[in-house]
Amino acid sequence: MTKYLNKMIVKYSVLFSKIFRYARYYPEDIMRILRFSVFLGLFYLSNWRSPNNTEFINLVYRYFLSVLISEEELSFYTDNLDQGNFSRIQVILSYLMLPIGIEQKLFARTGIESHHLARLKLVQEILPPAEYILDLGGSCLGSPEGALMVMGYPYKPQQLDIVDLPQEERIYDLHSEEHPQQFITPDNLTKINYIYRSMADLSYFTEHTVDLVWSGQSIEHVTEEEAEKVIEEVFRVIKPGGSFCLDTPNRQLTKLLVRGGFVHPEHKIEYTPDELIAKIQKAGFIIKKTLAISPMPYSLKTKKFSKLEFINSVGFSENTNQGFSFFIYCIKPDRDK
């Protein structure tokens, strides 16, 4: 009996310590839960029944998010509740700060996994063809072909140069490794070269030689000053008429997900679309296309990050500000034309 009591004391001590830590770091979440619980209880008492899905979502928006709901938002949540895709507890928990381990248990997949699927579509459907590609930060764990090819880039460049940090200079990166400096794809169509240095140093490359520079989720890994240098150097090495494509997290959404920090421990800065577009145009590029990757219009409107919206957003939007990440496709002007 004593052994059982000791076990229960330890179990509940751990539980209460976790609740205390959560309340300490996320008091806003706790207050929203308490406030919503009160008004949910009042609904039960006054109606003697549980709210239907439409009433439940209206209560969530009114007393949990403190904003008005649109018909589009209401349909998104009620349709998924009616079809059994969401549960009511998932709706509430999707707005809270949760450890990734708990998120993986609660939802069918994580938002990051859905976002990766959206980025695969980007690489496979949006990036232009090119004979000579420079990939900034594109090494990939387990494959010397690099991240761009592994993600399904549908064309066969003659040459792919990958710039990435040497392994010893990476502070926290479990998804890359140092590969041989030269590699030829099994079909003998693409010669791949690894150049181990900071992406802020492109002095290795000759001006006006590269058809496409791709920066996939890498510009945020250098400081703002280094990023400006990267963009200037990219403009130098690209051929007239060549392309510079990049995607990066959107600070307008990431600040809702990670309060007071960045979505990756190695990020030096996370940009809004307007901030990065201004830097790119200042360097002389012409913007051809911008896209939101994993658009999250409801979270952007409510200023509360919904993991369920993130999980269900595998695609693009023309409204660049709505994306968890955003994509910029720009061209170096051809002065001879």
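User: Which residue in E4 stands opposite Ile 162?

Analyst: Tyr 194 in E4 stands opposite Ile 162. This is a predicted model, in which local features need pLDDT of at least 70, side-chain atom pairs count only at pLDDT 80 or more, and totals for chains, interfaces and linings use all residues. Residues are numbered from 1 along each chain as its sequence is written, and side-chain values use heavy atoms, with hydrogens and water left out.

User: What makes E2 and E4 paired strands?

Analyst: Strands (E) are DSSP runs of at least two residues, helices (H or I) of at least four, numbered from the N terminus. Two strands pair if DSSP finds at least two bridges between them. E2 and strand E4 (residues 191-196) have 6 bridges and run parallel, so they pass that test. E2 also pairs with E1, again in the parallel sense, over 5 bridges. There, Leu 136 has Val 163 in E2 as its bridge partner.

User: Why is strand E2 (residues 159-164) described as largely enclosed?

Analyst: Buried means under 20% relative accessible area, exposed over 50%, and partly exposed in between (1.4 Å probe, protein chains only). In E2, 5 of the 6 residues are buried, so the rest of the structure largely encloses this strand.

User: What is the strand order of the open sheet?

Analyst: The order is E3-E4-E2-E1-E5-E6-E9-E7-E8, 9 strands with mixed pairing. Strand E3 (182-184) and strand E8 (316-317) are at the edges. Each has a single partner strand, so one side of each lacks a neighbour in the sheet.

User: How do you know that E6 is mostly covered?

Analyst: The count shows it: 9 of the 12 residues in E6 are buried. E6 pairs with E5 in the parallel sense over 6 bridges. Ser 215 faces Leu 246 in E6. Strand E6 (residues 238-249) also runs antiparallel to strand E9 (residues 323-331), joined by 7 bridges. Pro 249 has Ser 325 in E9 as its bridge partner. H9 packs on the sheet and touches strand E1 (132-136), strand E5 (210-216) and E6. The direction of H9 makes about 150° with that of E6. H11 packs on the sheet too, touching E6, strand E7 (286-295) and E9, with its direction at about 15° to that of E9.

User: Why are H9 and H11 called oblique?

Analyst: Axes are lines fitted to C-alpha atoms, for helices over the stretch in contact, and angles run from 0 to 180 degrees between N-to-C directions. Under 35 degrees counts as roughly parallel, over 145 as roughly antiparallel, 65 to 115 as roughly perpendicular, and the rest as oblique. The axes of helix H9 (residues 224-237) and helix H11 (residues 273-282) come within 9 Å and cross at roughly 45°. H9 and H11 are therefore oblique.

User: Which residues of H9 and H11 meet?

Analyst: Contact means heavy atoms within 4.5 Å. Glu 224, Glu 228 and Ile 231 in H9 meet Leu 276, Lys 279 and Ile 280 in H11. The contact of H9 with H11 has 3 nonpolar, no polar and 3 charged residues. Ala, Val, Leu, Ile, Met, Phe, Trp, Tyr, Cys and Pro count as nonpolar, Asp, Glu, Lys and Arg as charged, and the others, Gly among them, as polar.

User: What makes H2 and H3 oblique?

Analyst: The axes of helix H2 (residues 27-47) and helix H3 (residues 53-64) come within 9 Å and cross at roughly 135°. H2 and H3 are therefore oblique. H2 passes H3 in a right-handed crossing. The contact includes Phe 36, Phe 39 and Phe 43 of H2 and Phe 56, Leu 59 and Tyr 63 of H3. By class, the residues of the contact of H2 with H3 are 10 nonpolar, no polar and 4 charged.

User: Why are H3 and H4 oblique to each other?

Analyst: H3 and helix H4 (residues 71-82) pack at about 130°, with axes 9 Å apart. They are therefore oblique. H3 passes H4 in a right-handed crossing. Among the contact residues are Asn 53 and Tyr 61 of H3 and Tyr 77 and Asp 82 of H4. The contact of H3 with H4 divides into 6 nonpolar, 4 polar and 2 charged residues.

User: Why does Gly 315 count as buried?

Analyst: Its relative accessibility is 12%, so Gly 315 counts as buried. Gly 315 lies in the loop between helix H13 (307-311) and E8. Beyond four places in sequence, Gly 315 touches Ala 118, Lys 121, Ala 292, Ile 293, Ser 294 and Pro 295.

User: What puts Glu 233 in the buried class?

Analyst: Glu 233 has 18% relative accessibility, so it counts as buried. Glu 233 is in helix H9. Leaving aside neighbours within four places in sequence, Glu 233 contacts Leu 202 and Ser 203.

Notes: A crossing is left-handed if the near helix is turned anticlockwise from the far one by less than a right angle, and right-handed if clockwise.
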